[in-house]
Amino acid sequence: MDFKRILKNLDWWLIGAVILLMAAGLVLIDSATHSFAVSTGKAWHVQRQSMFMIIGIIMVIISLKFDYQDLKSYAKPLYIFNLVLLIAVMAFGKTQLGAQRWIQIGSFSFQPSEFSKVFLIICLADFIDKRTEWLEEFKDYVPIFLYILIPFVLVMKQPDLGTSLTFIAIFIGMIFICGFKWKWIACCTVSFVALMPVFWMILKDYQKNRIRVFLNPELDPYGSGYHVIQSKIAIGSGALFGKGWLEGTQSQLNFLPENHTDFIFAVAGEEFGFIGTLCIILLYLIIIWRGITIALNAPDNFGTLLAVGVTSMFMFHILVNIGMTAGIMPVTGVPLPFLSYGVSSLTTNMMLIGILLNINTRQQGLQF
């Protein structure tokens with residue numbers, strides 16, 4: 001495709017929202033790591049995030065030169081590569097914060113489960129696309145469930161509950177757009193509720209504590225409930241306009257744990273108040289709106305499935321992360337797209353934005 005035509009067909013609403021969120025992310029990461037930078041004299045969090053932002057933008061620009069439909073031919077190799085990476089984590093992975101999720105190469109470490117979200121979306125979109133004509137009965141969806149079961153189990157073994165639930169969100173979004181009936185959803189929901197005692201038994205102790213604390217944070221105010229309590233204090237103390245940049249006491253005095261990663265939204269609430277967090281939420285709504293629009297106008301079923309998978313992932317991450325910082329969702333360690341510090345997460349998100357933009361530039365007005 002001609003590059004001038006690509007520029008003409010770019011979704012500037014989506015691009016603008018992503019750029020503003022990444023800029024806001026740098027400001028918030030700088031604030032969240034300010035005390036660390038002052039004490040050590042090193043501001044490497046902001047530097048690394050900035051570097052991978054630039055790399056991500058370059059990746060998106062390069063990806064626009066290729067047709068997203070070419071991804072179909074790489075679906076099977078990507079699925080196998082994904083499984084190999086996840087198995088490698090179990091064999092050689094670095095353990096941190098009680099979980100074995102990272103592969104260390106020299107001074108650089110990355111989280112394969114983050115990239116597995118991209119691989120799963122591509123592979124699952126291709127797998128479903130080849131079966132759309134036969135998806136009429138409930139049993140027709142069983143192979144799709146089995147297809148994601150292996151990577152799901154491997155990620156659960158790390159353990160990484162947040163990514164495992166993200167897989168489910170992607171799966172639900174894709175099969176729903178294919179015509180998965182409401183009565184089947186009701187049956188699956190009832191079955192899930194009935195199997196909850198079994199799921200409870202396979203959860204780790206810290207995961208069970210997170211659920212208990214979600215129901216009542218005061219059960220363990222200095223342990224599992226500490227994160228949520230401090231996050232709610234930070235958000236509430238920001239009031240309407242916030243305390244100002246670098247003026248958030250919960251964050252600057254290190255009362256708020258993981259303030260540059262999982263709980264960065266609480267930093268935004270404390271320092272920029274309700275108005276600041278509202279602006280962030282509006283930017284996320286733009287991303288979701290554009291994702292849904294791109295899915296509806298994709299030139300083929302494969303493009304629609306890709307866009308739905310990407311949008312489902314973003315929706316899940318946004319709802320769960322903001323919900324857990326506000327105390328209305330369990331703490332699952334799901335990062336906030338484009339705001340949370342994390343080069344693996346940022347790279348993954350930019351790859352997915354590249355896929356959405358690629359589909360958008362090749363729209364022909366067809367609907368799935």
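**Questions on a predicted model**

Q: To start with Met201: buried or exposed?
A: Met201 counts as exposed because its relative accessibility is 61%. In these terms, buried means under 20% relative accessible area, exposed over 50%, and partly exposed in between, with a 1.4 Å probe and protein chains only.

Q: What kind of model is this?
A: It is a predicted model, in which local features need pLDDT of at least 70 and side-chain atom pairs count only at pLDDT 80 or more, while totals for chains, interfaces and linings use all residues. Residues are numbered from 1 along each chain as its sequence is written, and side-chain values use heavy atoms, with hydrogens and water left out.

Q: Back to Met201, then. Where does it lie?
A: Met201 lies in helix α10. Helices here are DSSP runs of H or I with at least four residues, numbered from the N terminus.

Q: Which residues form the nonpolar patch on the surface?
A: The patch is formed by Phe192, Val193, Leu195, Met196, Val198, Phe199, Met201 and Ile202, which together have about 770 Å² of accessible area. Patch residues have over 30% relative accessible area and no salt bridge; nonpolar side chains (Val, Leu, Ile, Met, Phe, Trp, Tyr) are joined within 5 Å, and like charges within 9 Å. The areas come from the Shrake-Rupley method with a 1.4 Å probe, and for residues only the protein chains shown count as cover.

Q: And which helix gives the most to it?
A: Helix α10 does, with 5 residues. Both α9 (182-194) and α10 (196-202) supply at least two residues each.

Q: Changing topic: how many salt bridges are there?
A: The count comes to 5, where a salt bridge is a side-chain nitrogen of Lys or Arg within 4 Å of a carboxyl oxygen of Asp or Glu. One of them joins Lys72 and Asp129, whose closest N and O atoms are 3.5 Å apart. Lys72 lies in the loop between α4 and α5 (75-92) and Asp129 in helix α6 (residues 112-129), so this pair ties together parts 57 residues apart in sequence.

Q: Are those two residues buried or exposed?
A: Lys72 counts as partly exposed, at 32% relative accessibility, whereas Asp129 is buried at 18%.

Q: What about Lys117 and Glu114?
A: Their side chains meet in a salt bridge of 3.1 Å, N to O. Because they are 3 residues apart in helix α6, about one helical turn separates them. Lys117 is buried, and so is Glu114.

Q: And Glu270, which residue does that bridge to?
A: Glu270 pairs with Lys243, with the closest N and O atoms 3.2 Å apart. Glu270 is in helix α14 (residues 264-296) and Lys243 in the loop between α12 (226-237) and α13 (249-252), so that distant parts of the chain, 27 residues apart, are linked. Glu270 is buried at 0% relative accessibility, while Lys243 is partly exposed at 33%.

Q: How do helices α15 and α16 cross?
A: The axes of α15 (residues 301-325) and α16 (residues 343-361) come within 10 Å and cross at roughly 145°. Axes are lines fitted to C-alpha atoms, for helices over the stretch in contact, with angles from 0 to 180 degrees between N-to-C directions. The crossing is left-handed, meaning that the near helix is turned anticlockwise from the far one by less than a right angle.

Q: Last one: what is Ile57 in contact with?
A: Leaving aside neighbours within four places in sequence, Ile57 is in contact with Met22 and Met350, contact meaning heavy atoms within 4.5 Å. Ile57 is in helix α4 (residues 44-63) and is partly exposed at 36%.
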